[in-house]
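Let's take a walk through this protein, from its overall layout to the contacts inside it. Have the structure open as you read.

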Amino acid sequence: MKRKYNVTKLRHNLGRYIVPSDCKATKAIDIGCNNGSFIEKYKGFFSEIHAFEPNVYLYKLLEKKYKSYNNIFIHNKAFGKVSGNKVTLCMFDGNDEDGSFAIHRDYLSQWNKANSICEVETISLEDILTLTGPVGYVK
């Protein structure tokens, strides 16, 4: 049975986060930052935001957008159990409202070549925390 999604409702909910006020001026981690809605909303709230986005297209957009901010750090990494693994991602035509998904190398030939495929390295939560130091919020 095919599942139907209310895309309008999904997009409407993008950017709604519950962030306790006692997290103000702490560091935040944004895993899977997509189009940067969390960053945009909280760039002045947290002392630093470390955002991780595996989709190279979105990563480049975010890197360019926030290059002048000294408290925003954009990382082109995929979240994983261990750091250093390579994951192949399929992305939907560079559309910043869709996500990416990992695909097993045996199925790459079946993927529509019109869509983008890239390889990205994973990073573990342990290594993220080594990079950032103590954090007050993880999204």
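## Layout of the chain

A quick definition first: helices (at least four residues) and strands (at least two) are DSSP runs, numbered from the N terminus. On that basis, Leu 129 is found in helix H4, which covers residues 125-132. Keep in mind that what you're looking at is a predicted model.

The protein chain has 4 helices and 8 strands. Follow the sequence along and you get the pattern α-β-α-β-α-β-β-β-β-β-α-β. Out of 139 residues, 34% count as buried. If you take the contacts with a separation of 6 or more, residues 24 or more positions apart account for 57% of them.

## The nonpolar core

Now for the inside. The largest nonpolar core holds 17 residues, and those with the most contacts inside it are Val 19, Phe 38, Ile 39, Phe 46, Ile 49, Ile 74 and Tyr 137. Four elements each put in at least two residues: helix H2 (37-42), strand E2 (48-52), helix H3 (56-65) and strand E3 (72-75). H2 gives the most to this core, with 3 residues.

Which residues does Ile 74 touch, once its neighbours within four places in sequence are set aside? Ile 74 is in contact with Ile 39, Ala 51, Tyr 59, Leu 62, Glu 63 and Tyr 66.

## Aromatic rings

Phe 38 and Phe 46 make a tilted pair, 5.9 Å centre to centre with 35° between the planes. Both of these residues, Phe 38 and Phe 46, are buried. Phe 46 also pairs with Phe 45, this time edge-to-face, at 5.0 Å centre to centre and 85° between the planes. Why does Phe 46 count as buried? Its relative accessible area is 3%, and buried means under 20%.

Step back and you can trace a cluster: ring pairs link Tyr 17, Phe 38, Tyr 42, Phe 45, Phe 46 and Tyr 137. Phe 38, Phe 46 and Tyr 137 also turn up among the residues with the most contacts inside the largest nonpolar core.

## Salt bridges

How many salt bridges are there? The count comes to 6. In one of them, the side chains of Asp 30 and Lys 139 meet at 2.4 Å, N to O. Asp 30 lies in strand E1 (residues 27-31) and Lys 139 in the segment after strand E8 (137-138), so this pair ties together parts that are 109 residues apart in sequence.

Lys 77 lies in the loop between E3 and strand E4 (78-79) and Glu 121 in strand E7 (residues 116-123), so the pair ties together parts that are 44 residues apart in sequence. Lys 77 is partly exposed, with a relative accessible area of 25%, and Glu 121 counts as partly exposed too, at 28%. Glu 121 also forms a salt bridge with Lys 86, where the closest N and O atoms are 4.0 Å apart. Lys 86 lies in strand E5 (residues 86-91), so this pair ties together parts that are 35 residues apart in sequence. Lys 86 is exposed, with a relative accessible area of 55%. Elsewhere, salt bridges that share partners join Glu 40, Lys 43 and Lys 65 into one network.

## The surface

Finally, the outside. The protein chain exposes about 9000 Å², and carbon and sulfur atoms supply 53% of it. Where can you find a nonpolar patch on the surface? Look at Phe 79, Leu 125 and Leu 129, which form one with about 260 Å² of accessible area together.

That brings us back to Leu 129 in helix H4. Leu 129 is partly exposed, with a relative accessible area of 36%. Patch residues need over 30% relative accessible area, so Leu 129 at 36% clears that cut-off.

Notes: Residues are numbered from 1 along each chain as its sequence is written. This is a predicted model: local features need pLDDT of at least 70, side-chain atom pairs count only at pLDDT 80 or more; totals for chains, interfaces and linings use all residues. Side-chain values use heavy atoms; hydrogens and water are left out. A nonpolar core is a set of buried Ala, Val, Leu, Ile, Met, Phe, Trp, Tyr and Cys residues joined through side-chain atoms within 4.5 Å. Buried means under 20% relative accessible area, exposed over 50%, partly exposed in between (1.4 Å probe, protein chains only). Contact means heavy atoms within 4.5 Å. Rings of Phe, Tyr and Trp (its six-membered ring) pair if their centres lie within 6.5 Å; planes under 30 degrees apart count as stacked, over 60 as edge-to-face and the rest as tilted. Accessible areas come from the Shrake-Rupley method with a 1.4 Å probe; for residues, only the protein chains shown count as cover. Patches are made of residues with over 30% relative accessible area and no salt bridge: like charges are joined within 9 Å, nonpolar side chains (Val, Leu, Ile, Met, Phe, Trp, Tyr) within 5 Å.
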